[in-house]
Amino acid sequence: YATALLGGNPLLGFGEVERRVSALTVGWEAIPDQPGVLRIETTGLSGAVERSRINVIAPDDGIAPVAPGSGSGRSPERSNGLGLRILWAPINSIYKMEAAFAKSTSVQPNPLGGELVQSARTAYFVDGTAKVIDQPADGGASTRRLQLRLRHEYADSGFRSIAGGMAGDVQRTLLGAEGVFGVFTGQFSHTNGRNNVNRIQGLPVLETVSNILNVGVPLSRLMADPAPEAQPQPQTQSQDVSSSSALALQPPTPSGSWWPTLQLGVQHNKQHAVHIPASLAAALVPAASSINATLNAQWTRNAWTWSGGFTYGVKDNRQEGSENQDQRARGVQVQVQWQATPTLSTNMGLRRSRATATDTQISQIQTGTDLGLSWLLDPGWTITAQHGTNADHDSVYSQQNSGRNWQLQAGKTWKLPLGPGKLVPVQLSARLQQQVDRNNSVLGGVATESEQVSRTVSLILSTKF
């Protein structure tokens with residue numbers, strides 16, 4: 001159960017029923033003597049949020065803030081849903097499958113007055129993998145592996161789950177492959193998606209096609225003695241290579257070598273309309289193509305791990321009448337991790353990116369920092385702390401945004417006896433988060449300022465029978 005508070009007391013927010021997230025999951029092992037072969041779970045989700053309030057000030061005028069809890073400017077949303085999830089993974093089989101089905105009812109403010117209710121909207125996905133090659137290479141030192149993946153997902157146009165963090169109006173199919181050949185790793189995915197799945201009259205149907213290729217080249221292993229093989233990281237269809245998450249590398253085996261592990265990635269996206277209503281002008285329908293490339297390097301030496309990465313992207317706007325509104329972007333990131341003791345580690349990261357519109361030459365600059373700490377205490381205690389900042393502004397300073405967040409989590413694990421010779425792990429975690437966002441812009445001599453402060457308290461209890 002978790003609550004979030006926007007800008008005022010009480011700190012824990014348990015009295016703010018319009019800002020909440022709650023979930024309950026019950027799982028069942030259909031074959032108790034073979035855990036994980038066939039597992040069935042059902043989940044109930046309930047959530048509610050309120051959108052932030054904005055204060056507008058004219059030149060030489062003071063700010064007229066909206067008092068927290070006054071009810072002014074509130075836009076509450078809420079949703080309730082029920083889901084069913086099935087996992088099938090036979091022992092010694094090359095196949096695995098996961099499927100889920102959900103129904104959700106959401107209520108949102110109607111701009112024309114009253115409420116907009118989306119009742120019993122549906123979403124589902126089916127995800128399957130098959131290991132077509134899984135065998136040692138010549139000599140038995142390296143391996144050759146190839147795993148294929150097929151995933152299809154669908155959500156009604158009106159589907160909305162606040163607690164699940166999922167929006168609707170999507171139909172997407174992914175074909176993927178990942179593998180290892182010697183010391184090299186690679187992942188490829190092809191995704192085809194469409195919106196307006198319920199074919200609402202007057203709206204276009206847009207198709208988005210995405211192709212992603214990642215290749216890992218561990219120079220530290222090519223230039224040194226052979227080491228145990230590193231597992232490839234799965235590639236998700238939603239990964240954005242221009243984001244900071246795309247800069248994360250799979251950690252190599254610590255060898256003390258100065259040779260880095262290289263990761264190269266390329267992503268190509270294309271969006272176009274497959275159906276345009278006769279009543280809709282083509283100039284109002286988006287169309288674009290983009291390509292993003294990344295090059296990252298990571299070194300590990302003794303207790304230190306550091307990495308750096310570079311991204312470059314080009315967006316070609318193909319919307320009618322906006323063909324000259326293209327964009328070029330580039331970014332850099334560095335990260336350092338120190339394993340101070342076997343139970344204590346810290347990390348620090350810096351990032352910066354710049355995207356420039358080719359028609360106006362105005363750039364959007366983004367910067368960010370990250371600090372983290374993880375501490376494992378006996379017996380069974382784990383403490384983690386994270387702090388991050390972000391800021392962005394344009395090159396003419398017509399708008400400036402900034403934000404900071406921190407998170408502190410403590411968890412304890414017990415093993416409780418349940419029957420003769422059987423111990424059941426029980427984990428209890430408490431997490432406290434705070435997110436502060438500030439936005440400032442000037443348009444036509446009018447300054448607009450907004451601030452949102454969100455505090456979230458989460459209590460998580462989990463066990464496995």
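Colleague: Which strand gives the most to the nonpolar patch?
Modeller: In this predicted model, strand β6 gives the most, with 3 residues. Strands are DSSP runs of E, at least two residues, numbered from the N terminus.

Colleague: And which residues make the patch?
Modeller: Trp88, Ile94, Tyr95, Met97, Phe101, Tyr124 and Val126 form a nonpolar surface of about 630 Å². Both β6 (95-109) and β7 (115-136) supply at least two of the patch residues. Patch members have over 30% relative accessible area (Shrake-Rupley, 1.4 Å probe) and no salt bridge (Lys or Arg nitrogen within 4 Å of an Asp or Glu carboxyl oxygen), with nonpolar side chains joined within 5 Å.

Colleague: Why does Met97 count as partly exposed?
Modeller: Met97, in strand β6, counts as partly exposed because its relative accessibility is 37%, between the limits for buried (under 20%) and exposed (over 50%).

Colleague: New topic: is Gln407 buried or exposed?
Modeller: Gln407 is buried, because its relative accessible area is 18%. Gln407 belongs to strand β21, residues 399-417.

Colleague: What does Gln407 touch?
Modeller: Beyond four places in sequence, Gln407 touches Thr384, Ala385, Gln386, Arg431, Leu432 and Gln433, with contact meaning heavy atoms within 4.5 Å.

Colleague: Where does pLDDT stay under 50?
Modeller: The stretches 1-11 and 226-255 are among them. For residues 226-255, the model has 76 contacts beyond four places in sequence. The protein averages a pLDDT (the predictor's confidence, from 0 to 100) of 83, and 81% of the residues score at least 70. Where pLDDT is low, predicted coordinates should not be read in detail.

Colleague: Which conventions apply?
Modeller: Residues are numbered from 1 along each chain as its sequence is written, and side-chain values use heavy atoms, without hydrogens or water. Local features need pLDDT of at least 70 and side-chain atom pairs 80 or more, while totals for chains, interfaces and linings use all residues.

Terms used. Patch = residues over 30% accessible without salt bridge, like charges linked within 9 Å, V, L, I, M, F, W, Y side chains within 5 Å. Helix = DSSP H or I, 4+ residues; strand = E, 2+ residues; numbered from the N terminus. Buried < 20%, exposed > 50% of the residue type's maximum accessible area, 1.4 Å probe, protein only.
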